[in-house]
Amino acid sequence: MSIHIGLIGLGYVGLPLSLKLGKHFNTFGYDIDKKHIALLKKNKDKNNEIRKNDFLNSKKIKFTDNFNHLVDCNIYIIALPTPLNKNKKPDLSNIINFCKKLSKYLKENDTIVFESSFYPGTINNIFVPLIEKQTQYRLIYNKNIFIGYSPERINPGLYGKKIDQIKKIISGSNKKTLDKLFYIYSKITKKGIHKVKDIKVAEASKMLENVQRDVNIGLINEFSILLNKLNINLLDTLTAAETKWNYHKYRPGLVGGHCIGVDTNYLIYASKEVNFNPKILNSVRQTNDNMPKYYAYQIIKILKNKKLNIKKTNALIMGFTFKENCSDIRNTKVYDLYLNMLRYFKRIDIYDSFVNKVEAKKEYNLNIKNNIKKNFYEVIIIAVPHNYIKKLNITKIKNYNKKNIYIFDLKYAFSSNSVIHI
């Protein structure tokens with residue numbers, strides 16, 4: 001059987017995946033964003049993650065915002081986002097709505113593969129019944145419609161691992177589906193495939209990958225608060241601990257983005273569904289969610305102790321994305337930090353050359369600066385130390401601004417005595 005793939009969702013996950021698949025299989029890359037599709041047709045990525053050669057080397061890919069182009073595909077790979085709603089509950093609406101639409105056109109022996117992050121049981125308990133119902137039970141799970149799950153492991157950023165450098169987990173509703181996915185995904189990664197027989201195991205493994213990072217960062221954040229109260233130098237403590245061979249290196253900071261904090265909340269939700277109280281996960285989320293407020297409080301406290309007239313002070317936040325060296329601003333906790341400090345200062349600007357300014361305006365109603373205004377700021381907060389910010393070094397950062405300047409380094413990117421670590 002010939003393979004015709006429809007890849008749904010061309011963001012940080014779907015776009016690189018579609019381009020890799022498009023080197024080997026007839027592939028439609030589908031997205032509802034017409035402007036995004038227009039750029040992709042010109043071999044341009046709005047997130048600056050994909051090189052032009054990657055577009056040119058993908059000979060079998062066609063980008064489209066026309067849903068009708070998908071109806072003749074027999075493999076559907078869904079890479080749509082799974083964010084949180086305002087109550088921090090899983091928001092599966094993007095995928096639910098798409099599956100309702102797609103189900104009307106599904107054919108016998110089609111395969112649907114999910115790449116999005118789910119809590120364990122999501123596919124079997126939500127999407128399988130949904131698809132069967134929408135097809136009026138013309139298609140029955142594992143009889144004439146098949147489902148797979150291969151959780152994304154994309155690491156966005158200039159220096160992040162690319163899709164062909166990541167080992168892929170695959171799972172399928174039966175052996176035939178698993179073998180089919182093995183054939184497809186083996187074409188796009190050099191690092192191998194890990195087969196999982198149970199879809200729920202694959203869902204759980206995805207949760208664990210991100211939750212363990214949330215827990216470890218939460219531990220360091222809590223430890224940093226404790227050492228601050230004990231008046232002990234955190235950086236010196238971390239440097240000493242990191243000399244042990246089996247120590248895992250983490251730094252304190254803001255935990256945002258589309259995966260770490262989000263997936264922990266997904267797992268908390270799943271726990272409540274089975275009447276289990278995940279005490280560690282709840283505690284970690286409380287700690288990490290509170291960090292923007294904690295940092296803001298500490299910054300204001302320190303400046304007041306230094307007798308600075310904050311109401312007449314201009315401040316600059318350096319870095320706005322959710323992590324270093326990428327353009328992704330989804331769920332960035334720098335925005336929470338900004339909101340917690342806004343009422344104290346005369347003015348707060350944000351500088352980040354990675355950020356798509358139009359998206360930042362649309363999502364957060366913020367005007368992100370492309371450059372630093374000279375001789376204007378008395379306070380600088382290094383929130384996301386992109387490599388280009390590190391290359392400026394503290395001396396250059398100080399020279400951009402007034403001579404009496406306070407620089408706060410939230411991620412311990414600089415060891416200089418010229419910065420303030422919290």
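Contact means heavy atoms within 4.5 Å. The model used in these exercises is predicted.

**Exercise 1. Work out which residues of helix 6 are buried, and how they are arranged around the axis of the helix.**

Step 1. Collect the buried residues. In helix 6 they are Thr177, Leu178, Lys180, Leu181, Ile184 and Tyr185.

Step 2. Look down the axis. The buried residues of helix 6 fall within an arc of 160°, so they line one face.

Step 3. Recall the geometry. An α-helix has 3.6 residues a turn, so residues three or four places apart point the same way.

Step 4. Turn to the face away from the buried side. There helix 6 carries Lys175 and Lys176, which are exposed.

**Exercise 2. Trace the pairing around strand 1 and strand 2.**

Step 1. Start with strand 1 (residues 4-8) and strand 2 (residues 26-30). They run parallel and are joined by five bridges. Leu7 has Gly29 of strand 2 as its bridge partner.

Step 2. Follow the chain between them. From strand 1 the chain passes through helix 1 (residues 14-21) to strand 2, in a right-handed β-α-β crossover.

Step 3. Move on from strand 2. Four bridges link strand 2 to strand 3 (residues 61-64), and the two run parallel. Thr27 is bridged to Ile61 in strand 3.

Step 4. Go back to strand 1. Strand 1 also runs parallel to strand 4 (residues 75-78), with four bridges between them. Here Ile5 has Ile75 as its bridge partner.

**Exercise 3. Give the strand order of the eight-stranded sheet, then find its edges and the helices that lie on the sheet.**

Step 1. Write the order. The open sheet of eight strands reads 3-2-1-4-5-6-7-8, with mixed pairing.

Step 2. Find the edges. Strand 3 and strand 8 (193-196) each have a single partner strand, so one side of each lacks a neighbour in the sheet.

Step 3. Helix 7 lies across strand 6, strand 7 and strand 8, at about 150° to strand 7.

**Exercise 4. Describe the four-stranded sheet in the same way.**

Step 1. Write the order. This open sheet reads 10-9-11-12, with parallel pairing.

Step 2. Name the edge strands. They are strand 10 (347-351) and strand 12 (406-409), each pairing on one side only.

Step 3. From one strand to the next, the twist averages 15°.

Step 4. Check one pair. Strand 9 (residues 314-318) and strand 11 (residues 379-382) run parallel, joined by four bridges. Ala315 stands opposite Val379.

Step 5. Helix 14 (residues 387-399) lies across strand 9, strand 10, strand 11 and strand 12, and runs at about 160° to strand 11.

Terms used. Residues are numbered from 1 along each chain as its sequence is written. This is a predicted model: local features need pLDDT of at least 70, side-chain atom pairs count only at pLDDT 80 or more; totals for chains, interfaces and linings use all residues. Side-chain values use heavy atoms; hydrogens and water are left out. Two strands pair if DSSP finds at least two bridges between them. A crossover is right-handed if, with the strands pointing away from the viewer, the path from the first strand over the helix to the second runs clockwise. Buried means under 20% relative accessible area, exposed over 50%, partly exposed in between (1.4 Å probe, protein chains only). The arc is that of the directions from the helix axis to the C-beta atoms. Axes are lines fitted to C-alpha atoms, for helices over the stretch in contact, and angles run from 0 to 180 degrees between N-to-C directions.
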